[in-house]
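Here is a short briefing for a first look. Please view the sequence and the model side by side.

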Amino acid sequence: MENNRKPIVYFCRTIEPEKVLELYQVLGKELPGKVAVKVHSGEVGNQNFLRPNFWKPVIDAVKGTVVECNTAYRGERNTTEKHRKTMEVHGWSRHFMVDLLDAEGPDMELDIPNGKRIRKNYVGKNLVNYDSCLVLSHFKGHPMGGYGGALKQLSIGIASSTGKAYIHGAGDVKKIWTADHDSFLESMADAASSVTEYFKGNIVYVNVMKNMSVDCDCCAVAEDPCMKDIGILVSLDPVAIDQACIDLVYAATDDPGQKHLLKRIESRNGIHTIEAAAALNIGSREYELIEIE
């Protein structure tokens, strides 16, 4: 944090494509050079992911290239061929330049000297072609992480297919679904720290609290959203923006779906990813929330 000030999180209750761009501009951070725009391409069959048209104004404004990585589980995005087809079916390739970072190996290795669980992060080798990153996250629940936001996009999202298995397994790809759960969450924080270090502060984070299901956009069969839409958040701090989203969920006491989403987050100890990331000093759990009309 510069000058010991709390990081700022800008917040708008109106959820429109133009508002995403407006909040990005209010933030005042110009992303230099070639910009990687990390999105969630959406598993085929998922009804909740945010479509290309929603993100188009801000992606066009930064002249960004949409980036994704292959998954580590069966579906329509676990091979380069299938993932490219999904990007076409979902409209990403029609609107933007698209780069599957791990379309071809070998992976790029990012060191994590201070990692609590893992000391290496394996990301798509094409990441080397980018100077800055715009992380566009759909905030919602997640079957394993409890919730998905900026920290998940930085870690699991930018990791290659092998890297995803490595994080899930807390350093052992053979334990992708069986590793100690908190160790997996800490590995996500470790991986996220390596990406923030790689871009040296040239990252902007956008979290959109819309279509908030307990399930992730990686689920082909996902529950319908359980909470009312809350808003758009933008920040330079990945910990602060995720913490702010969690706090807004807790504050929504009049929403009948709140308890259902919180049960998912709390049962998976989702807050621990934020705790672990803060302990690595990649962001602050304390922040200043500034609401924009």
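Is Val37 buried or exposed? Val37 is buried, because its relative accessible area is 0%. Buried means under 20% relative accessible area, exposed over 50%, and partly exposed in between, with a 1.4 Å probe and protein chains only.

This is a predicted model, in which local features need pLDDT of at least 70, side-chain atom pairs count only at pLDDT 80 or more, and totals for chains, interfaces and linings use all residues. Residues are numbered from 1 along each chain as its sequence is written, and side-chain values use heavy atoms, leaving out hydrogens and water.

**Around Val37**
- Val37 sits in strand β2 (residues 35-38). Strands (E, at least two residues) and helices (H or I, at least four) are DSSP runs, numbered from the N terminus.
- Val37 touches Ile59, Val62, Gly64, Thr65, Val66, Val67, Leu134 and Leu136, leaving aside residues up to four places away in sequence. Contact means heavy atoms within 4.5 Å.
- From Val37 to Ile59 is 22 residues in sequence and 7.1 Å in space, C-alpha to C-alpha.

**The sheet**
- Eight strands form an open sheet with mixed pairing, in the order β4-β3-β2-β7-β10-β11-β1-β12. Two strands pair if DSSP finds at least two bridges between them.
- β4 (98-100) and β12 (288-291) stand at the edges with a single partner strand each, so one side of each has no neighbour in the sheet.
- Strand β3 (residues 65-68) runs parallel to β4, joined by three bridges. Glu68 stands opposite Leu100 in β4.

**Helix α8**
- Helix α8 (residues 238-251) has 14 residues. From first C-alpha to last, α8 reaches 20 Å, close to the 20 Å expected at 1.5 Å a residue. The expected span is 1.5 Å times one less than the number of residues.
- In α8, 11 of the 14 residues are buried. Among them are Pro238, Ile241, Cys245 and Val249.
- At the start of α8, a side-chain oxygen of Asp237 comes to within 2.9 Å of the backbone nitrogen of Val239.

**Aromatic pairs**
- The whole structure holds five aromatic pairs. Rings of Phe, Tyr and Trp (its six-membered ring) pair if their centres lie within 6.5 Å; planes under 30 degrees apart count as stacked, over 60 as edge-to-face and the rest as tilted.
- Trp92 and Phe96 form a tilted pair, 6.3 Å centre to centre with 35° between the planes. Trp92 is buried at 0% relative accessibility, and Phe96 is buried at 8%.

How values were computed:
A polar contact is a pair of N or O atoms within 3.5 Å; within protein, one must be able to donate a hydrogen and the other to accept it, and residues adjacent in sequence count only if both atoms are side-chain atoms.
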